[in-house]
Amino acid sequence: MSLQDFTAETILNHNPYIPGKQPAGLERILKLNTNENPYPPTPRVSDIILEQVNKLNRYPNSSAQELRETIAKLHSVDSDQVIVGNGSDDILNLCVRCFSDNEKSVGMLSPSYSLYDVLSSLQGAETKKIPYDNEKFDIEPQTIIQSGTNLFFVTSPHAPTGRIYKNTVFSSILNEYSGILVVDEAYADFAPNNAVSLLLENENLIITRTLSKSYSLAGLRVGYALASREIVCILNKAREVYNVDRIAQVIAQSALEDRKYFNHIINKIISVREKVYTILKDWRWFTYQSGANFLFTKPIDFDGSTGEEVAENLYLFLNSKNVFVRYFPDDSLTSSFLRISIGKEDEMDMLINLINIWKTKEHLK
Ligand SMILES: Cc1ncc(COP(=O)(O)O)c(C=O)c1O
């Protein structure tokens, strides 16, 4: 007998999620590969940590009551319509736990956030990946409606392209889909629109959000979902009782309450994003109009070529200069592109300078 004989079948055949590199010695690198926020969180958070440290002998509030009330107020929903998680990944996991099994399948568009697939396979549910038709990354409501799935994940704005979708697409899906639709809005704070208003009329909609990106709190691990009371009730059944710790609850709350700082950071990132977008467009690099804190762009090399080898070449060149961006070689719709997270203005200037060197033959000498 080997340990394999005791291991669950779903684990034996499981391919875990592979995150972007988190290299050590962060000070000497430019990290634009995991869509983190380059700015620190609101300075308010440091004031409240000490107070909570002295209370760490006590368990946190199990349902994160006060935090949920703050989130509810922010989105004009009832606090019973909010559930908080250890990052939005925790919430996505709860969705799969509660709404899929070996008879209830999970659907997703491909390529999108690869964790959906990972969670579904871990649950032992059938996974239906619906490929995007082409580089436009349009969503065809009928393909989701007719997918025969019980749970379906859509990323909006889309990752890795940053493409923005109108709510009419989600309304068309929700009108006819007989399952639970999750709209993963991890990047919605950087976009001109979101799907929150659709919660009023749709009991089968779950919207997930994270504080990792727009609130500069990736290291804290807080995310949440907005949904009908009935759905939140179901998700709570599978939630680990103390899934969000005492310190995370108060830090998240103070970050959400500091609207001035939040707006300031969002505006800065959007303005840098648009500046870089304009440069890439001037270079005639095909780049998606983004509603997120990243840009997805198709590099053109010194002799005017694009494609997989060109994208990989730039990726490796930047890597060799300690500049990390993300490359997705496994799908023909993404393999000629690089995804670049938006950093501070001077960081993006550095990136542009390096790419300018790569664009000439200088770096080959
Ligand atoms: C589309 C999408 N959803 C969810 C997440 C996870 O966010 P969190 O840090 O809240 O777990 C990410 C992280 O990169 C993401 O890209």
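Me: Which elements do the buried residues of H12 pack against?

Reply: They pack against strand S10 (323-324), strand S11 (338-341) and helix H13 (345-359). Contact requires C-beta atoms, placed from the backbone, within 7 Å. Helices (H or I, at least four residues) and strands (E, at least two) are DSSP runs, numbered from the N terminus. The model is predicted: local features need pLDDT of at least 70 and side-chain atom pairs count only at pLDDT 80 or more, while totals for chains, interfaces and linings use all residues. Residues are numbered from 1 along each chain as its sequence is written.

Me: What makes the span of helix H12 agree with its number of residues?

Reply: The expected span is 1.5 Å times one less than the number of residues. H12 (residues 308-320) has 13 residues and should therefore span 18 Å; the end C-alpha atoms are 18 Å apart, so the two agree.

Me: How do you know on which side of H12 the buried residues lie?

Reply: The buried residues of H12 are Ala-311, Leu-314 and Leu-318. They cover an arc of only 65 degrees around the axis, so they lie on the same side of H12. The arc is that of the directions from the helix axis to the C-beta atoms. Glu-309, Leu-316 and Ser-320 are exposed on the other side of H12. Just after the helix, Asn-322 has a positive phi of about 65 degrees.

Me: Why is Val-45 called buried?

Reply: Buried takes 20 or more other C-beta atoms within 10 Å of the residue's own, exposed 12 or fewer, and partly exposed is in between; these atoms are placed from the backbone. Val-45 has 21 C-beta neighbours inside 10 Å, and therefore counts as buried. Val-45 is part of helix H3 (residues 44-53). Leaving out residues up to four places away in sequence, Val-45 touches Ile-251, Ser-254 and Ala-255. Its C-alpha atom is 9.9 Å from that of Asp-258, 213 residues apart along the chain.

Me: What makes up the side of domain 1 that touches domain 2, by class?

Reply: Domain 1 is 23-39 + 260-364 and domain 2 is 44-257, with bounds from an automatic or database domain assignment. The contact takes 22 residues from domain 1 and 20 residues from domain 2. Helix H11 (259-282) and strand S9 (294-297) are the elements giving two or more residues to the domain 1 side. H11 gives the most, with 5 residues. By class, that side has 13 nonpolar, 6 polar and 3 charged residues. Nonpolar covers Ala, Val, Leu, Ile, Met, Phe, Trp, Tyr, Cys and Pro; charged covers Asp, Glu, Lys and Arg; the others, Gly among them, are polar.

Methods. Contact = placed C-beta atoms within 7 Å.
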